[in-house]
Amino acid sequence: MTTILSFLTQDLFSQSKPRQLTEEDFYEIKTLPIPDNIKLEIGGVAPMPDGRLGVCTRRGEVWVIENPYQLNGTQPSYTLFASGLHEALGLAYREGSFYCCQRGELTKLTDTDEDGKADLYESVANWDLSGNYHEYSYGPVFDKNGDMYLTFNVAWVGYGEGKLAKWRGWLVKVKKDGTLEPIATGLRSPAGFTVNSNGDVLYGENQGDWVGSGRITHLEKGDFAGNAGGLWWTKEPDSPLKFTTVKDIPDTGEPMFEAAKKMKSLKLPAVWFPHALMGISTADMIEDETGGKFGPFAGQYFVYDQGQSKAMRMTLERVNGKYQGACYPFREGFQSGTLRARWGNDGSMFVGMTSRGWGSTGKEMFGLQRLVWNGRTPFEMKNISARPDGFEVEFTQPISRQSAENFSNYELKSFTYKYQHQYGSPIINQEDTPLRGVIVSEDRMKVRLVIDNIRQGYIHQIMASGIVNDEGQALLHDVSYYTLNEIPKGELAKVPARTIVPMPAPTKEIKANTKKVSATKDIVVNSKEVAVLLKKHACLSCHAEGNKVVGPSYSEIAKRNYSNEQILDLVYNPKPENWPDYATAMAPMSHVPKADVLKIAAWINTLDTKKAKVDLNKIENRD
Amino acid sequence: MFKKLLFLLIPVSALAQTEIPLNDLSAFKSPSDAWSIQGGVSGNAFETTLKSTAGKGVLLNQLKGAKYLSKDDLIFNLEHGDIQLSLDFMIPKGSNSGIYLQGRYEVQILDSWLKKNPHSGDCGGIYHRWDESRGKGNEGYEGHAPRQNAVKAPGLWNHVEIDFKAPKFDASGKKIANARFAKVIMNGVLIHENIELLGVTRGALTETEVAKGPLRIQGDHGWVAFKNISYKVYETSNVTFSPATYQYYEGLTPTGSPKQSSPTASGTIAQPTAKLTSVQSGFLLKFQGKINIVDAGNYTFMTRWNGMGTLIVDNDTVTNGWRLQHEELKTVKQLSSGEHSYSIIYSKDFSWRKNGLGVFIQKPLAEIQSITERTSLPDPEPTPLVELKTNGETAIQRSFMMYGDKKKTHTISVGMPCGLSFAYDLNQGSFLHLWRGGFLNTTEMWHDRGEPQTAEPIGVGFQSNDKFPLVYLANSEEILPDSLTRNDLKYKGYKLEKRWSFSGTYTYPNFMYDYKGLKVNDITTPLFHENT
């Protein structure tokens, strides 16, 4: 029945099937030209009410850009408003002044004589530093009361260390008298954070020690978000956490969800961003408060990733009083490392970039772009919410009932990460979460997915590849990851129990052993198929065929003459030491099926010879 | 990195310099009566002579007779080939002298104070060669201007270090290598590096180049004083090494010892090398070999590595610790003549730096020899200079900055259009460094991640005392505080204030503090705003 249906569907649309639409058909990236002599390594972005834009840079400059929306297609104009700051990584504009976060100081910059340049650099607050390069300071972000929040990286001394200077590893609030009020700790590399419309602080974390993967956590007073570095300062009388040391942390490598049962202050992330699949270095986030000017995602969040030069989308709901939700791909293809994003006055989004010192998919060293919705609604999973027995997926457009009711159009599984002092984590405890039933809503805007093996505390992948809309258009993005910390109570859906008991997917850390793998010399390489696999498994986020991106190019890998089995082993258990020239270590991709990796490996091993031929052609064609 | 905190401090004794005694004039060949030994000299920027006090330790030329008489040049008894020379000199206003290596190759001494664009005839220049057959006006050639003017005002001591390589000749007397200034450093500023001289400079003792010649100071142009004249002369080393055995272990336990008790590979190799490894992380290499010493003496061992290393000589641990390759460890050890055993243990458990192992030995007064194979220690990464300039306006830049061995975290550097700059500690409201020349080298901040995140002054200057100029004292006996806390001295920011001058209006920062309730403003402006 299913097979017939899908045949029918394909047949029905084969006549009139439109071109598969892409991200840029809905959201356009506009590049702001930057004068040749400016190193606009953006650390902060602050749109101004008068239509100008302030940006601050890692070289300590603040530029005010006139005509940044380029309304008539004309050039923007850059004025150096301030300079000499120490690695400015955050900027806000308020009542005629800029507020800028330097490494050791929150500075208010004011142009008192109206010559377009700041002449008053007031220290609103300043704090100790040890001199370690990794002690980055971010902010400020204003809340509704006009109070400012800052986040402080821990130092890097082979691991994240907070004790070298006060309040490193903390979220702090700047009080009126310039003193710092510590709010929460456990922060490792909190490059992006926001105060949402509800007044809640959400912050993004980068994979590292105690952080298995990128994630976003709601910070409330007294929370401990996971990295041990900042705990040193719980000894202070004004610490909102009681005295806690690293010894109080269950450092067992079990999932964070399990560790949190043993350690009450340990705050679970609201949303995990699975490493490599949904970014490698979580950066800024921003709530959609444009009221529809930016498309159909009002009230949701856009989350940037510096390494993968892209924006993702995040939805949140409160279950049992706590934030949790899902992340979705949104828009790739920015020019450099996307660190900062702020709303422009017209509901478009300014994106500030830098990639110096860290690899990024976007090849420029820095950049400034604007993401603009062009008024067309993309066909997307708009929102996923938890149900007692599964999930409800809401779409932006009515879906084809046939495609939605086809079980084979879904790929559902769940997994999580280790909570441990070691850097990063492989995907662990992966299991299938088989579909028991699908209920399509009357208006065909929603499906209720009833699943077996719903797992509290786990990240649930919801992939819905085959679903189409009335035009036969596939989903612009077919995957999402829901972090199910809490399972809501409520009425169970009435669907019959599944009769087929599925085999669980490979679980735990997969230690590939080359000896056990059968000979794979006979794999027929199908470049087209491999291209699909590379995209599906997010390989392309870090690797390209010919160029260095975040990781080495496939051609470079081919030169190492690994066997297909060796490549499989390395994909499951990467050895970053083999590639010392690359800043970012590869995450173990042990969740990717063996057969797929071997196909990719076989393709990689065809590249060496291919490349030589191409180069010869190039030489012949040179004019 | 944890290990880094546990390393033992190893005493480092620098190789002794040979000092030329200035108790009398016996170190020189028939000095003229212009030369004398004094206890001290002083001068100022406006007078053409120096004042002296009786005593020992300072060599003074008070040119008495006519100028340009070669008898007034001072020839040292010291005949040298390769040499590292270090000395201090002082000149009065308008004076002129020079240091002639081997009596033939001159580093110019001249009152070039305030000269913005020095040429080869200015202080620190390698004086030009001279050939009258080139025609009138073109006789001078192949002179080398210093990279920047590094001389201080007349009446101040200047410190010069010269690393000179003598020309080399084969057995038949044919020159096979040119003379070379490997380095000339004046007042801490590198002004020449690896400049080859195709022949002698103007005013040489003779036109003939030789393997050894006397050090000479020009004394026929005007007053000049010297002190602290010392040198190192390097000989060819005669230490030899026998091939080393090695054991290579792949795989380390978390504590850094090999996982397996038997080595992954072992054998014999001509010279120890980190290239024996096949991984970037998680290995241990052990070498054992012999050093053959001809002349007993105090030998210096130097080690550089990325990771954890230990050098053991004759069962003594000589150097040991977790280091990156730019962090050299140095120990002096007495060695008798004959055979000595050494072992090197090198392990690495991270991949973010290349494998690198360098072990060196230096015989007293001889060149450094490498025990490890040349490619065992990788070349440093190529790093472009990132320089911040003033460009006619006051430039301001905050950064980390070294002050002695302390890293100051709230430093602001101010480069004034007049060419003077200072670095200021915002936590203490005090000066750290003052200099002139360029402004700021920001390479360590803005290249790659900028891990040191430090800026460095570019130019010649001095270190200040890092003390806030004001203090509340309860009584006259109270001791001045070393430093102030963030509570005592609250930094409030700065205002850029305009100052008018004939060449234009410039802005300078006025720093604002709250010092225990007292509002303090601190602005530094130059006497002359223009860059002359």
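Two strands pair if DSSP finds at least two bridges between them. Strands are DSSP runs (E, at least two residues), numbered from the N terminus.

Select strand S14 (residues 170-174) of chain A. Five is the count to look for: 5 bridges join S14 to S15(A), and the two run antiparallel. Now click A:Val172; its bridge partner in S15(A) is A:Pro182.

Before moving on, note that this is a predicted model, where local features need pLDDT of at least 70, side-chain atom pairs count only at pLDDT 80 or more, and totals for chains, interfaces and linings use all residues. Residues are numbered from 1 along each chain as its sequence is written, and chains are lettered from A and ligands numbered from 1 in the order in which they are written.

Next, A:Thr79, in strand S5 (residues 77-82) of chain A. Beyond its neighbours within four places in sequence, A:Thr79 is in contact (C-beta atoms, placed from the backbone, within 7 Å) with A:Trp63, A:Val64 and A:Gly116.

Now show both chains. The contact takes 29 residues from chain B and 26 from chain A. On the side of chain B that touches chain A, S37(B) gives the most, with 6 residues.

Finish where the chains join. Strand S9 (residues 120-126) of chain A runs antiparallel to S37(B), with 3 bridges between them. Select A:Glu122; its bridge partner in S37(B) is B:Gly493.

Key:
Helix = DSSP H or I, 4+ residues; strand = E, 2+ residues; numbered from the N terminus. Contact = placed C-beta atoms within 7 Å.
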